[in-house]
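Dear colleague,

Here is the structure I promised to pass on to you, with the sequence alongside. Please have both open while you read the notes that follow.

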Amino acid sequence: MKENNPELLDNGTIRRKTLVSILCFCLFLAAVVLAWFWIKNSPKTSGAAQPLRTVLDKNEALFGKTLDKQLTPVYPKEEAAKKVRVNGYYGIKSPLDSNEWRLKVVKGPGDTLFLTIDQLKELPKIDFAFNFKCIEGWSQISHWGGVRFSDFIKHFHLEELAKREYVGLVTPDKEYYVGIDMKSMMHPQTILCYEVNEKPLPLNQGFPLRLIIPVKYGVKHLKRIGTMTFSDQRPPDYWYEKGYDYFTGL
Ligand SMILES: Nc1nc2c(c(=O)[nH]1)N[C@H]1C(S)=C(S)[C@@H](COP(=O)(O)O)O[C@H]1N2
Ligand SMILES: [Mo]
């Protein structure tokens, strides 16, 4: 039968079908081009065009809800890298006087705690190996030690401040800074870290104190903490300002 065999379609039908296909393709192309211009010309919010920023914000709202006290997998210490990969030097290039260094905890206007590393080492230490992940695409099992952020909060009676939504961390020279939601900060594996492979951190890994927060990508693990703040508004965040998402959770 003629209709069941496409090879036998008459010329008129072929022409009509071809025209419809071409038209559909052109409409599709026009839609793509229009969408591209729309995104490109949208005002930027924190480094990302508004439509893209909206998607990022929706994503992080969703992932924020799924985060709970679930633990990130840990590994036997023997599996941790002996030669730990180093990445990111913002805020750690300036000279550091280790005797002068203090962790500055801003409790309120004109009310700041200045803590020495020894004061932090008096608290119970925990250590674990986990798979450290960088958004650049690499990951490595590494072994870290320090004090649980939640223990630090209790020890220094900062519970009222821990009711705020965010913690801001800044390097002493203010070159690198991150903002982190309180839920992630209070996670039992989030530590103020002073050891890697059971030795004091080297300078390029954040000596004397850095953050290790396994529920987040590497960007949030700020090295060489200078100042800590608490707020209900999002603290400034270095990579967020460059267009990345704020939450960067795993
Ligand atoms: N002060 C500071 N901390 C930083 C960075 C940085 O540039 N400066 N880079 C971040 C990024 S992107 C990663 S992946 C990790 C890398 O930590 P590592 O050097 O211990 O591997 O540090 C994070 N902390
Ligand atoms: Mo990273």
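Apart from its neighbours within four places in sequence, Gln205 is in contact with Val84, Arg85, Val86, Trp144, Val196, Arg210 and Lys223. Please keep in mind throughout that this is a predicted model. Gln205 sits in the loop between strand 10 (199-200) and strand 11 (210-212), and it counts as buried because its relative accessibility is 5%, where the cut-off for that term is under 20%. Its side chain also reaches the backbone oxygen of Arg85, at 3.4 Å.

Several of these residues come up again at the ligand. Among the 20 residues around ligand 1, those that come nearest are Arg85, Tyr90, Gln205, Arg210 and Lys223. For Arg85, a polar backbone atom is 2.6 Å from an oxygen atom of ligand 1, while for Lys223 an N or O atom of the side chain is 2.5 Å from an oxygen atom of the ligand. A nitrogen atom of ligand 1, in turn, lies 3.0 Å from a backbone N or O atom of His221.

The structure holds one cavity of 30 Å³ or more, and the largest cavity contains about 40 Å³ of space. Its lining is made up of Tyr176, Val178, Val219, Lys220, Asp237, Trp239, Tyr240, Tyr244, Asp245, Tyr246 and Thr248, and by class this lining has seven nonpolar residues, three charged and one polar.

With best wishes

Terms used: Residues are numbered from 1 along each chain as its sequence is written. Chains are lettered from A and ligands numbered from 1 in the order in which they are written. This is a predicted model: local features need pLDDT of at least 70, side-chain atom pairs count only at pLDDT 80 or more; totals for chains, interfaces and linings use all residues. Side-chain values use heavy atoms; hydrogens and water are left out. On a 1 Å grid over the protein atoms alone, a cavity is a set of points where a 1.4 Å probe fits but cannot get out, and a pocket is an open set with protein on both sides within 12 Å along at least five of seven lines; lining residues have an atom within 4 Å of a point. Grid points are joined across faces, edges and corners, and a volume is the space filled by probe spheres set on the points. Ala, Val, Leu, Ile, Met, Phe, Trp, Tyr, Cys and Pro count as nonpolar, Asp, Glu, Lys and Arg as charged, and the others, Gly among them, as polar. Helices (H or I, at least four residues) and strands (E, at least two) are DSSP runs, numbered from the N terminus. Buried means under 20% relative accessible area, exposed over 50%, partly exposed in between (1.4 Å probe, protein chains only). A polar contact is a pair of N or O atoms within 3.5 Å; within protein, one must be able to donate a hydrogen and the other to accept it, and residues adjacent in sequence count only if both atoms are side-chain atoms. Contact means heavy atoms within 4.5 Å. A residue is near a molecule or strand if one of its heavy atoms lies within 4 Å of it.
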